[in-house]
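Let's take a walk through this protein together, from its overall layout to a few individual side chains. Please keep the 3D view open as you read.

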Amino acid sequence: MIIINGKRWRVQLVPPSHPYLLTHNLTTAFGCCDNIKKTIYINNTLSAEMIKKVLCHEIVHASMTSYRVKLSHRDEELVADIISTYGEEIIELTNSTYSTFKLI
């Protein structure tokens, strides 16, 4: 269970046959964020590294819903991909740069 902006979200590792991982074109998704059930589903056959990346991607979707951020589907996917791919590096760079500032 995670809480985003006061809203509880469940996170479940599920088999690739889980109905929420079936896409509209009948392929299997790596993950899915169900905004109605407030549940993130992650394909349990992925490597540990991919599970972490997909989890981050889906948490971005859940965060956008929880904070009522409205983007087109394309833009929301782009933001989720950028954060899940480069987010840790961006935060590390921010923290290391910030720590060099001499703030009053």
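## Ground rules

Two strands count as paired if DSSP finds at least two bridges between them. Helices (H or I, at least four residues) and strands (E, at least two) are DSSP runs, numbered from the N terminus.

What you see is a predicted model, in which local features need pLDDT of at least 70 and side-chain atom pairs count only at pLDDT 80 or more, while totals for chains, interfaces and linings use all residues. Residues are numbered from 1 along each chain as its sequence is written, and side-chain values use heavy atoms, with hydrogens and water left out.

## Overall layout

The protein has 2 helices and 4 strands, and from the N terminus on its elements run β-β-β-β-α-α. Its C-alpha atoms fill a box of roughly 55 × 30 × 25 Å along the principal axes.

The accessible surface comes to about 7,500 Å², and 60% of that belongs to carbon and sulfur atoms. Areas of this kind come from the Shrake-Rupley method with a 1.4 Å probe; for residues, only the protein chains shown count as cover. Of the 104 residues, 27% are buried, where buried means under 20% relative accessible area, exposed over 50%, and partly exposed in between (1.4 Å probe, protein chains only). Among contacts (heavy atoms within 4.5 Å) with a separation of 6 or more, 48% are between residues 24 or more positions apart.

## The sheet

The strands form an open sheet of 4 strands in the order S1-S2-S4-S3, with mixed pairing. Strand S1 (2-4) and strand S3 (31-34) are the edge strands, each pairing on one side only. On average, neighbouring strands are turned by 25 degrees against each other, direction ignored.

S1 pairs with strand S2 (residues 7-14) in the antiparallel sense over 3 bridges, and Ile 4 stands opposite Lys 7 in S2.

Which residues cover the two faces of S3? In a regular strand the side chains alternate between the two faces of the sheet. In S3, Gly 31 and Cys 33 are on one side, Cys 32 and Asp 34 are on the other, and all of them are buried.

## Helix H1 on the sheet

Helix H1 (residues 48-66) packs on the sheet, where it touches S1, S2, S3 and strand S4 (39-43). The direction of H1 makes about 160 degrees with that of S4. Axes here are lines fitted to C-alpha atoms, for helices over the stretch in contact, and angles run from 0 to 180 degrees between N-to-C directions.

Is His 61 buried or exposed? With a relative accessible area of 7%, His 61 is buried. Leaving aside neighbours within four places in sequence, His 61 is in contact with Cys 33, Glu 76, Glu 77 and Ala 80.

## Helix H2 and its surface

Helix H2 spans residues 73-98 and includes Leu 78. Leu 78 counts as partly exposed because its relative accessibility is 48%. Together with Ile 82, Ile 83, Tyr 86 and Ile 90, Leu 78 makes a nonpolar surface patch of about 450 Å². Patches are made of residues with over 30% relative accessible area and no salt bridge: like charges are joined within 9 Å, and nonpolar side chains (Val, Leu, Ile, Met, Phe, Trp, Tyr) within 5 Å.

Glu 89 also lies in H2 and is partly exposed at 47% relative accessibility. The C-alpha atoms of Glu 89 and Lys 38 are separated by 28 Å, and the two residues are 51 residues apart along the chain.

## Salt bridges

A salt bridge here is a side-chain nitrogen of Lys or Arg within 4 Å of a carboxyl oxygen of Asp or Glu. By this rule the count is 2. One of them joins the side chains of Glu 88 and Lys 52 (3.0 Å, N to O). Glu 88 lies in helix H2 and Lys 52 in helix H1, so this pair ties together parts that are 36 residues apart in sequence. Glu 88 is partly exposed at 48%, whereas Lys 52 is exposed at 52% relative accessible area.

Arg 74 forms a salt bridge with Asp 75, with the closest N and O atoms 3.7 Å apart. Arg 74 is exposed, with a relative accessible area of 66%, and Asp 75 is partly exposed, at 33%.
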